[in-house]
Amino acid sequence: MKIRMVFFSATGVTESVARVIRDRFADLGAEVVCSDITPVESRKEQMTLDGYDAFVIGAPIHSNRAPRVVREWLGGLAGGGRKAAMFFTYGGFSVHPTHHSTREILAASGFSVVSSAEFLGKHTFNLGGWAAMADRPNDDDFAVARLFAEKTYRRFTGEDPGVLGDLEKTAHSEEALDNFELFRFAAVTQLPTRDGMECSMCMKCGDVCPTGAMDVQKGEADRQRCIVCLGCVAACPEGILRINDLRALWPMKLQGEGETEESLNMKVSKVYL
Ligand SMILES: Cc1cc2nc3c(=O)[nH]c(=O)nc-3n(C[C@H](O)[C@H](O)[C@H](O)COP(=O)(O)O)c2cc1C
């Protein structure tokens with residue numbers, strides 16, 4: 001069984017879960033090739049799945065869906081009837097319709113989706129002062145990641161002939177979800193910037209940017225291209241690159257979502273079959 005796995009991960013949460021899943025597949029006897037599709041360059045050439053039996057995609061949830069660049073990239077793959085699995089990491093708020101919408105994209109690209117999963121991870125906006133899931137993923141989340149690999153492997157090999165069942169679909173249209181994405185620009189009013197401060201010019205911010213939005217000379221992200229993944233802020237070794245202070249928004253976010261920090265921390269990672 002040869003499995004092709006890819007993940008998108010701006011701040012390392014999805015990557016940490018992907019590594020656990022990859023290792024469990026390998027323990028089970030699969031030959032796994034796993035790569036990071038976060039850098040712009042990695043998505044330039046269309047990936048071929050020739051020689052692989054199954055495909056796995058891992059991504060963070062960005063405003064109820066996989067990040068736009070991931071959705072676009074998946075739409076260009078040729079599944080050729082292969083089995084696929086998907087998993088997502090998120091900061092404890094809305095999950096659906098990410099599973100549903102990504103399955104639709106994979107199905108349109110010729111995959112048969114056999115499983116999905118969601119894992120709690122620290123919210124990217126903690127980099128601006130939120131306090132969501134600061135200690136996740138933890139050992140419990142990684143245990144669910146191993147379980148996901150086991151269940152998925154059984155479906156990939158045919159030992160379990162099932163496919164992914166019905167998924168919750170919210171009433172939101174894709175257009176409504178596009179509008180929902182604009183929330184990030186309402187929250188992150190100041191996109192990643194070093195506000196004219198000097199830095200060592202290590203260029204890491206430009207290297208990690210998944211959309212080529214970072215102007216490393218000016219130390220500012222371009223509003224048209226930035227997806228606010230905050231990979232550049234997380235990667236800045238001097239901590240100079242930042243966004244606006246999001247602390248005042250945190251209680252409003254909790255209230256608007258009907259959550260408390262305690263209720264968020266009670267949430268668990270889940271497998272969908
Ligand atoms: C632009 C943006 C939108 C996000 N939207 C959601 C969301 O709708 N629900 C949620 O629970 N977390 C959301 N998050 C948090 C991320 O899903 C979470 O922190 C994820 O684990 C980050 O993964 P990564 O480090 O692999 O990029 C969002 C993060 C960003 C940057």
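User: By class, how many nonpolar, polar and charged residues are in the lining of the second largest cavity?
Analyst: In this predicted model, the second largest cavity has a volume of about 120 Å³. Its lining consists of Arg194, Cys199, Met201, Cys202, Met203, Cys205, Val216, Cys236, Pro237, Glu238, Ile240 and Leu241. Cys, Met, Val, Pro, Ile and Leu count as nonpolar, while Arg and Glu count as charged. The lining therefore divides into ten nonpolar, no polar and two charged residues.

User: Is glutamate 238 buried, exposed or partly exposed?
Analyst: Glutamate 238, one of the residues lining the second largest cavity, lies in the loop between helix H8 (231–235) and H9. Its relative accessible area is 37%. Buried means under 20% and exposed over 50%, so the class for glutamate 238 is partly exposed.

User: Which residues does glutamate 238 touch, not counting residues up to four places away in sequence?
Analyst: Glutamate 238 and serine 200 are 38 residues apart in sequence, yet their C-alpha atoms are 8.2 Å apart in space. A contact requires heavy atoms within 4.5 Å. With residues up to four places away in sequence left out, glutamate 238 touches Cys199 and Ser200.

User: How much space lies in the largest cavity?
Analyst: The structure holds three cavities of 30 Å³ or more. For the largest cavity the value is about 500 Å³.

User: Which residues lie nearest the centre of the largest cavity?
Analyst: The lining of the largest cavity has 13 nonpolar, 14 polar and four charged residues by class. In total, 31 residues line this cavity. Those nearest its centre are Ile61, His62, Ser63, His123 and Thr124.

User: Which helices and strand each supply at least two residues of the lining of the largest cavity?
Analyst: The lining of the largest cavity draws at least three residues from each of domain 1 (2–166 + 265–272) and domain 2 (179–257). Counted by element, those that each supply at least two lining residues are helix H1 (13–27), strand S4 (83–90), helix H6 (183–187) and helix H9 (249–257).

User: How many residues of domain 2 are in contact with domain 1?
Analyst: The domain assignment gives domain 1 (2–166 + 265–272) and domain 2 (179–257). Their C-alpha centres lie 24 Å apart. On the domain 1 side, 23 residues take part in the contact, and on the domain 2 side the number is 28.

User: Which residues does alanine 10 touch, not counting residues up to four places away in sequence?
Analyst: Alanine 10 lies in the loop between strand S1 (2–7) and H1. Alanine 10 and valine 208 are 198 residues apart in sequence but 7.9 Å apart in space, C-alpha to C-alpha. With residues up to four places away in sequence left out, alanine 10 touches Thr38, Cys229 and Gly231.

User: How far apart are the closest N and O atoms of glutamate 72 and arginine 68?
Analyst: Glutamate 72 and arginine 68 both lie in helix H2 (residues 68–75), four residues apart, about one turn of the helix. Glutamate 72 counts as exposed at 51% relative accessibility, whereas arginine 68 counts as partly exposed at 30%. A salt bridge needs a nitrogen within 4 Å of a carboxyl oxygen, and this pair forms one at 3.6 Å.

User: Which residue meets glutamate 159 in a salt bridge?
Analyst: Glutamate 159 is exposed, with a relative accessible area of 56%. The salt bridge, one of 20 in the structure, spans 3.5 Å from N to O, and the partner is arginine 154.

User: Is lysine 253 buried or exposed?
Analyst: Lysine 253 and glutamate 257 meet in a salt bridge of 2.8 Å, N to O. They are four residues apart in helix H9, so about one helical turn separates them. Glutamate 257 is partly exposed at 29% relative accessible area. Lysine 253 has a value of 14%, which is under the 20% cut-off, so lysine 253 is buried.

User: Which residues do salt bridges that share partners join into one network?
Analyst: Side chains of opposite charge can pair when their charged atoms come close. Where salt bridges share partners, the residues joined into one network are Arg65, Arg71, Glu174, Asp178, Glu181 and Arg184.

Methods:
Residues are numbered from 1 along each chain as its sequence is written. This is a predicted model: local features need pLDDT of at least 70, side-chain atom pairs count only at pLDDT 80 or more; totals for chains, interfaces and linings use all residues. Side-chain values use heavy atoms; hydrogens and water are left out. On a 1 Å grid over the protein atoms alone, a cavity is a set of points where a 1.4 Å probe fits but cannot get out, and a pocket is an open set with protein on both sides within 12 Å along at least five of seven lines; lining residues have an atom within 4 Å of a point. Grid points are joined across faces, edges and corners, and a volume is the space filled by probe spheres set on the points. Domain bounds come from an automatic or database domain assignment. Buried means under 20% relative accessible area, exposed over 50%, partly exposed in between (1.4 Å probe, protein chains only). A salt bridge is a side-chain nitrogen of Lys or Arg within 4 Å of a carboxyl oxygen of Asp or Glu.
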